[in-house]
Amino acid sequence: MGAFKETKLPPNAPAASKALAWIDDRFPLSTLWNDQWGKYYAPKNFNFWYIFGSLAMLILVMQILTGIFLTMHYKPDAALAFASVEYIMREVPSGRLIRYMHSTGASAFFIVIYLHMTRAFLYGSYRKPRELLWLFGFAIFLCLMAEAFFGYLLPWGQMSYWGAQVIVNLFGAIPFIGPDLSLWIRGDYVVSDATLNRFFAFHVIAIPLVLLGLVAAHLIALHEVGSNNPDGIDIKDHIGPDGHPLDGVPSHPYYTFKDLFGVSVFLLIFSSVVFFAPEMGGYFLEYNNFLPADSLKTPTHIAPTWYFTPFYSVLRATTADFMWVIMAAVAAYVVFIWLRSRLSFIVKSIIAVVAILAIVGMLPSVLDAKFWGVVLFGSSVVILGAMPWLDHSPVRSIRYRPRWHLYLLCLLALVFLTLGFLGTRLPTPAFTLLSQICTLFYFSFFLLMPWWSTMGTFKPVPTRVTFTPH
């Protein structure tokens, strides 16, 4: 063991400096601060798109704190859960505020995460060498979806109960293991007290622990490879005499105060929603959820919360008639790969065999549309994780790509918002047709990306980041 070395300070040093030195001798507090933020050099040309990572961390802390206070009064019991939420809202001091902060925070979390992912799409933050960083972020997104789903049942309102019933029953469409898997998730043959208890355990303990670990891994990976920037240039390629990037600035104080300004604007908007429109017209908190769960009374329209509805629309779009379109699209895609792909003959052959088996499985007499709806539902989420290997563009940032690439991204955003809106509406024939068109575009955007991302005239990328002082 090495000898203990104590930091020597002048006798007249401030008490705070002495306390910090005492801690640093026993725990690398200052080193951690400097490595992770204080002396971490970030590109000097960050714009407002780079505020959402810090906001996501703020909301995560806020959700954990408000969740702790809610669990002090919540009863994970089917006979008491709804009444305990009402007790929090009516009797607990500031209970209404804490509950609305938590429910609004859930929606705010997904808004911020979707905007954070949009920035990655714009500036290619998932490209080499940040593939693992993207995968950690994608895993965080999956955990957030699981956390929101498990928490959605806890109020034990009508929409909570029936929404959970519908989503869990989706797993029953999986051949062979589906019914047993649904039974295992519920813990009973219907959504019941056993379901509530296990969902509570996952929401309060299991998923948050995994989420915190993934956030830590995400930050470590970020600081290992360095932050991307709007130009998509690695600032580590140009190091100054002091050993720091020429195009970088210390995160503190420069981005500390920039983030504080963003936090102030966010808290202003967030507070306005919490105090004046916490239900947000039924999108953040459905009106049916203010009624206690009744297993004998099914709501007219069952739909998940808005942040799930884009993927839920993909599920609902998969009808028996639409399966013929999917089969034709799969066949056309395989032909396209054979004609345009540079993959080896063996890989192409494997893809063709898998496609033929899938097309056979899509026949009405083999597997029904409900199963393939679940497959497309899951694929619409999982495909996001493959972005680093789908984008073959020679440049990262949208700034130096052909203009029509930006229009294509904007169209994807519009399609995603349209799917989200359609997921909240009753599935009329017109809405179903529109959701099917949007579903085809959504998957085409990603599956054809290896080709369209290389097309067009690209602008020359500068060797140094572009920055205009202001």
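How many salt bridges does the count come to? By the rule applied here (a side-chain nitrogen of Lys or Arg within 4 Å of a carboxyl oxygen of Asp or Glu), the count is eight salt bridges. The structure is a predicted model, in which local features need pLDDT of at least 70 and side-chain atom pairs count only at pLDDT 80 or more, while totals for chains, interfaces and linings use all residues. Residues are numbered from 1 along each chain as its sequence is written, and side-chain values use heavy atoms, with hydrogens and water left out.

Side chains of opposite charge can pair when their charged atoms come close. Asp-234 forms a salt bridge with Arg-130. The closest N and O atoms of this pair are 3.0 Å apart. Asp-234 lies in the loop between helix 9 and strand 2 (248-250), and Arg-130 in the loop between helix 5 (95-123) and helix 6 (131-153), so the pair ties together parts that are 104 residues apart in sequence. Helices (H or I, at least four residues) and strands (E, at least two) are DSSP runs, numbered from the N terminus.

The loop between helix 5 and helix 6 also holds Pro-129. A cis peptide bond joins Lys-128 to Pro-129, with omega about 10 degrees. A cis peptide bond also joins His-252 and Pro-253; omega is about 15 degrees there. Pro-253 is placed in helix 10. Most residues other than glycine have a negative phi, and most peptide bonds are trans. Ser-94, which is not a glycine, has a positive phi of about 60 degrees. Ser-94 is in the loop between helix 4 (81-90) and helix 5. Phe-176 has a positive phi as well, near 70 degrees. The loop between helix 7 (158-170) and helix 8 (178-186) contains Phe-176.

Helix 2 (residues 29-38) packs against helix 10 (residues 251-276) at an angle of about 60 degrees, with axes 10 Å apart. Axes are lines fitted to C-alpha atoms, for helices over the stretch in contact, and angles run from 0 to 180 degrees between N-to-C directions. The angle makes helix 2 oblique to helix 10. Angles under 35 degrees count as roughly parallel, over 145 as roughly antiparallel, 65 to 115 as roughly perpendicular and the rest as oblique. In this contact (heavy atoms within 4.5 Å), Trp-33, Trp-37 and Gly-38 of helix 2 meet Ser-251, His-252, Tyr-255, Thr-256 and Asp-259 of helix 10. The residues divide into three nonpolar, four polar and one charged. Ala, Val, Leu, Ile, Met, Phe, Trp, Tyr, Cys and Pro count as nonpolar, Asp, Glu, Lys and Arg as charged, and the others, Gly among them, as polar.

Helix 11 (residues 309-317) and helix 16 (residues 403-422) cross at roughly 75 degrees, and their axes come within 7 Å. Helix 11 is therefore roughly perpendicular to helix 16. Helix 11 contributes Thr-309, Pro-310, Phe-311, Ser-313, Val-314 and Arg-316, and helix 16 contributes Phe-416, Leu-419, Gly-420 and Leu-422. Six of the contact residues are nonpolar, three polar and one charged.
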